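Keep the viewer open while you read.

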Amino acid sequence: MGPPKPQRLQQLQFLSYATVAQLEGSRQCSDYKNWRGKSPVFIDSSVDIETAARRVMWGKCANAGQTCVAPDYVLCTRDTADRFVSAANKVIKEFFGEDPKRSEDFGRIVNDRHFARIAALMKGCDIAVGGQTDSTERYIAPTIIVDAKPTDPIMQEEIFGPLLPIVYVESAYDAISFINHREKPLAMYIFSNDSKLVNTFLTSTSAGGVTVNDVVMHLTVPSLPFGGVGQSGMGSYHGKASYDTFTHRKSVLHKDLFILGEKLGAARYPPSSNGKLKYLQFMLNPNLSLSFRYLSHIIVFALGAGLAYWLNCLKERSE
């Protein structure tokens, strides 16, 4: 008989760019999960800007921005952006000192190819903070770019590095529209003290996961499924979601061979007729599913009632 045929993978999970994910996923298995994307941050004017800046810059600078859920860009008004840039500049110095290059807490870009790619994204941008690079160390400073345009190269791909562009919007609704006109992000971060505004974001946009008034932290909660939607990934994992994702649910229907069930289902057998078709349409109506849960009870009740009626008739005749 020979050796058994090698089986294809059922599920594949990895982090990569979309084109690589599509190629590898289609080649290796029928269902693949790839988590990536441009994760937006909306900052409302009502928030404590120092706290917001500290949390956003922590998420952006962790591993030099090379995490799949790093804040990718900021959406806010011009006035909020000015206050954010000032606060973020102070935070960078607080985290890494006057020269982040000398800090042991700030990382380097993973390889030369990605260093060149990220450095090229800064060309032509309005750099408000940072911008320094050193190819010999693959060092790129924590960098904030202001007045980024939707058509800029930096807004066309996931940055995956320590660059944070700020896109000016007139209102929260403009921010929602901006997000909805792009691929669905892996993560979205909303900074606002207005619960109604937060709810508007949650109900009007789609993202793999959301953290309100912080970044990245939804990833740390074991009970929350983590994953993307659309271009940012398929499926989810963490906790029970991991078992659900990587476990195949085998459907099994076990029927009996009783004559009553055979009679009820006989309309499926040839020869066909309009009467059989109408009967099958009636029986397969999803609105009848609740009634069929109690079909056996109804039949037993009907048989019991019929038997009682028959016995009563016999009794009346004997009298």
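The notes below cover a helix, a cavity and a handful of loop residues.

First, some ground rules. This is a predicted model, in which local features need pLDDT of at least 70 and side-chain atom pairs count only at pLDDT 80 or more, while totals for chains, interfaces and linings use all residues. Residues are numbered from 1 along each chain as its sequence is written, and side-chain values use heavy atoms, with hydrogens and water left out.

**Helix α6**

Let's start with α6, which spans residues 195-204. Helices here are DSSP runs of H or I with at least four residues, strands are runs of E with at least two, and both are numbered from the N terminus. The buried residues of α6 are Leu197, Val198, Thr200 and Phe201. Looking down the axis of α6, these buried residues fall within an arc of 155°, so they line one face of the helix. (The arc is taken from the directions that run from the helix axis to the C-beta atoms. Buried means under 20% relative accessible area, exposed means over 50%, and partly exposed is in between, with a 1.4 Å probe and protein chains only.)

Which exposed residues sit on the face of α6 turned away from its buried side? They are Ser195, Lys196 and Thr203. Over on the buried side, the cover includes β3 (39-43), α5 (172-180), β10 (187-191) and β11 (209-212). At the start of α6, a side-chain oxygen of Asp194 comes within 3.0 Å of the backbone nitrogen of Lys196.

**The cavity**

A search of the whole structure turns up one cavity of 30 Å³ or more. A cavity is a set of points on a 1 Å grid over the protein atoms alone where a 1.4 Å probe fits but cannot get out, and lining residues have an atom within 4 Å of a point. Points are joined across faces, edges and corners, and the volume is the space filled by probe spheres set on them. The largest cavity holds about 40 Å³.

Glu158 is in the loop between β8 (143-146) and β9 (163-168), and a polar atom of its side chain lies 3.5 Å from the backbone nitrogen of Gly37. Phe160 is found in the loop between β8 and β9, and has a positive phi near 55° in a residue other than glycine.

**Loop residues side by side**

| Residue | Relative accessible area | Class |
|---|---|---|
| Glu158 | 5% | buried |
| Phe160 | 22% | partly exposed |
| Lys184 | 40% | partly exposed |
| Val110 | 54% | exposed |

Val110 is in the loop between α3 (78-96) and α4 (112-121). Leaving aside neighbours within four places in sequence, Val110 is in contact (heavy atoms within 4.5 Å) with Gln66 and Arg138. Lys184 is in the loop between α5 and β10, and its C-alpha atom is 6.4 Å from that of Val229, 45 residues apart along the chain.

Pro270 and Pro271 are joined by a cis peptide bond, with omega about -5°. Asn63, in the loop between α2 (49-61) and β4 (71-76), has a positive phi of about 55° although it is not a glycine.

Note on methods. Polar contact = N/O pair within 3.5 Å; in protein donor to acceptor, adjacent residues only side chain to side chain. 1 Å grid on protein atoms, 1.4 Å probe; cavity = no way out; pocket = protein on both sides within 12 Å on 5 of 7 lines; lining within 4 Å.
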